[in-house]
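Hello,

Here is the structure I promised to pass on. Please have a look at it first, and then read my notes below.

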Amino acid sequence: MDDKVTNVLFAGIGGQGIIKASDLLTEAAFRMGFDVKKSELHGMSQRGGSVSSDVRFGKKVFSPMIPRGEADYLVAVTEDQIEVCEEYLKPGAVIIRPSDFSEDVANSKMLNIAMLGRLNRYLKFPEDLWVDLIRQSFKAEIAESNIAVFRAAAEKEA
Amino acid sequence: MSAEKIILSGDEAVARGVFAAGVRLGTGYPGTPSTEILEHLSELGSKAQWAPNEKVAMEVAIGVAFGGGRAIVTMKHVGLNVAADPLFTLAYTGVEGGMIIVSADDPGMASSQNEQDNRLYGEAAHLPIMEPSDSQEAYDFAIKAFEISEKFHTPVLFRMTTRVCHARSIVNLWKTPEAPQVKPYRKNVAEHVMVPANAKKAHVRLMNMLADLQKWNETSDLNVISGPEKAELGIICSGAAYQHVAEAAPKARILKLGMTLPLPCSKIYQFTQGNKRTIVVEEGEKYLAEKIRAAGIEVEAKRDIFLYGELNVAKVKKLIANDETPDAPPKPGRPPQLCPGCPHRKVFESLRDLGCIVSGDIGCYTLGVMPPFNAIDCSTCMGASIGMGLGLRHTLAEAEARKVVSVIGDSTFVHSGITGIVEMVYNRPATGHLVLILDNTTTAMTGLQENPATGRHLNMTPTHQLKLEELCAAIGADHVDVIDPTLHNPEFRALVQERLASNDVSVIVCRRPCILQMKKLAKYAKK
């Protein structure tokens with residue numbers, strides 16, 4: 001394992017599953033054997049305001065906050081938060097946005113999970129690890145549909 | 001012993017730590033970023049409860065500790081202001097069972113009205129201070145804090161910050177949980193009854209205890225030196241600042257202080273001798289730097305520009321370089337707002353339309369200050385709406401005085417609004433006064449906690465329900481009405497106008513449940 005820390009910034013507004021998605025990535029990175037830290041702001045941000053969450057993983061992570069200009073990935077659950085987060089992105093950072101998905105997915109409650117699927121095209125964690133994790137984190141009646149959404153988003157287009 | 005590694009927030013890690021250490025009781029008042037400690041403690045199976053306010057919580061915890069059990073009391077930084085009265089004398093009495101006082105500070109004010117640095121309370125009251133820097137230390141230090149507390153018969157001020165409370169990282173749960181133990185009760189008048197004759201001795205005992213604790217802290221493993229033996233740059237830090245420092249200055253020699261009162265001055269002096277330059281990197285006030293310099297040890301303090309906001313890696317680099325150029329302001333995100341369907345919306349629309357002067361309070365409804373309402377004139381601290389409203393009534397010309405309304409939420413009212421009603425009926429303004437209790441049947445701002453007016457405990461079991469309207473009537477308000485301002489808005493507006501036109505002192509309980517609370521209760525009913 002090299003010393004590089006991978007930084008994933010999640011952004012959107014309250015109620016879009018940003019905390020959930022970033023918790024899942026944190027746990028996934030932990031199960032991959034990385035040191036991992038996550039930081040977020042609660043409180044006032046629950047009331048329809050901007051919410052962001054920083055996930056950092058690697059051999060050793062110190063600060064729980066992604067320094068400006070160092071995010072490798074931005075998972076933006078709302079388009080309008082992309083501009084707000086720009087200063088945190090590395091040049092050439094990968095941005096995952098709602099318009100990357102079909103309208104059905106973009107307007108569903110599972111957009112956060114679809115975005116994790118898309119993110120995994122780059123992170124390349126084993127799919128089984130995600131499937132187990134989603135199954136353990138959601139109620140049985142919605143776990144399978146989330147897994148399906150994750151898989152579809154994770155598959156490369158032909 | 002089977003160690004288990006899991007990912008926890010700092011708040012959860014504290015709960016795990018005190019649970020493992022056999023805590024008898026957890027108590028506190030909800031406040032970001034401290035709230036999840038007691039919620040998690042309750043989930044683990046410990047006795048954990050919300051008090052009406054931080055002062056009562058502190059007093060209950062003192063009783064547990066006097067009784068020989070281990071207690072934790074949790075609050076946000078401004079909560080310790082409310083609990084400061086028992087705090088200062090508690091330092092004199094000391095404790096039998098271990099006692100941890102969590103102060104969750106909020107540098108940067110993610111969700112607070114100020115960014116006070118509560119290490120200064122430790123200094124003013126002479127309390128040992130521990131500052132964990134991540135979740136593992138939150139767990140380890142919580143266990144250690146009880147040991148120190150009992151060994152030295154002192155409560156411990158456990159200072160956390162937003163980026164420790166709400167950051168998640170890997171924790172090794174090394175301790176097999178112990179069942180709560182209670183020492184046999186010992187009547188101890190000399191130490192527990194603070195009449196002057198006893199308190200004079202207690203003050204001396206306190207300072208002697210701190211001298212002993214300082215000796216202990218010189219060699220304790222709470223304070224860790226890392227990096228090369230000799231270096232150009234040495235950095236002294238504590239809490240979340242350490243994590244930023246370790247990343248911002250990987251070649252520096254670092255002294256991370258886990259116990260920041262009493263300071264291990266010999267260790268700090270020895271540390272500075274290995275460095276060409278030593279700077280203190282800390283969030284909040286220049287607490288460490290000033291204490292260390294007062295001990296005659298040469299260190300650099302941060303520049304004043306770093307007194308504001310929270311630290312991060314980039315800021316720490318600038319701090320070390322004495323670079324005072326201001327940061328570019330962050331791009332504004334979406335500001336928080338009252339939820340669609342929030343019961344407070346109709347109240348503030350009405351008060352705005354009626355041209356009221358609104359004395360506000362602390363809760364979701366502070367967002368009544370935002371457009372399109374623009375309906376709040378002042379807001380300072382929990383419970384202040386009533387006193388400030390009365391002061392405005394005593395001061396403004398009659399036409400303006402008649403427009404003054406105090407608004408306060410149900411949980412905030414129970415916290416520190418009741419005495420405001422007593423003041424209102426005792427020292428009546430000439431034009432009377434009107435208090436609106438915005439009763440959304442929960443403590444919404446901090447994430448839907450129960451309170452004495454909901455009739456449910458922290459763990460959702462039923463208990464006596466405090467009736468706010470009966471309480472206000474018993475205190476002696478001239479009129480107490482209960483109305484749903486959303487469902488009956490014209491009637492609500494007419495009632496406000498009628499009360500404002502009179503010289504009476506009145507309370508209107510605006511009762512309509514928070515929409516998020518209704519979802520929570522529906523979810524709970526399904527379980």
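Ala11(A) has Ala76(A) as its bridge partner in strand 4 of chain A. This is a predicted model, where local features need pLDDT of at least 70, side-chain atom pairs count only at pLDDT 80 or more, and totals for chains, interfaces and linings use all residues. Residues are numbered from 1 along each chain as its sequence is written, with chains lettered from A and ligands numbered from 1 in the order in which they are written.

Strand 1 (residues 6-13) and strand 4 of chain A run parallel and are joined by four bridges; strands (E, at least two residues) and helices (H or I, at least four) are DSSP runs numbered from the N terminus, and two strands pair if DSSP finds at least two bridges between them. Five of the six residues of strand 4 (residues 71-76) are buried, that is, 20 or more other C-beta atoms, placed from the backbone, lie within 10 Å of their own.

Strand 4 of chain A also pairs in the parallel sense with strand 5 (residues 89-96) of chain A, over four bridges. There, Tyr73(A) has Val94(A) as its bridge partner in strand 5.

Chain B is assigned domain 1 (4-218), domain 2 (224-320) and domain 3 (344-526), with bounds from an automatic or database domain assignment. The centres of domain 1 and domain 2 of chain B, taken over C-alpha atoms, are 25 Å apart.

Best wishes

Conventions: A residue is buried if 20 or more other C-beta atoms lie within 10 Å of its own, exposed if 12 or fewer, and partly exposed in between; C-beta atoms are placed from the backbone.
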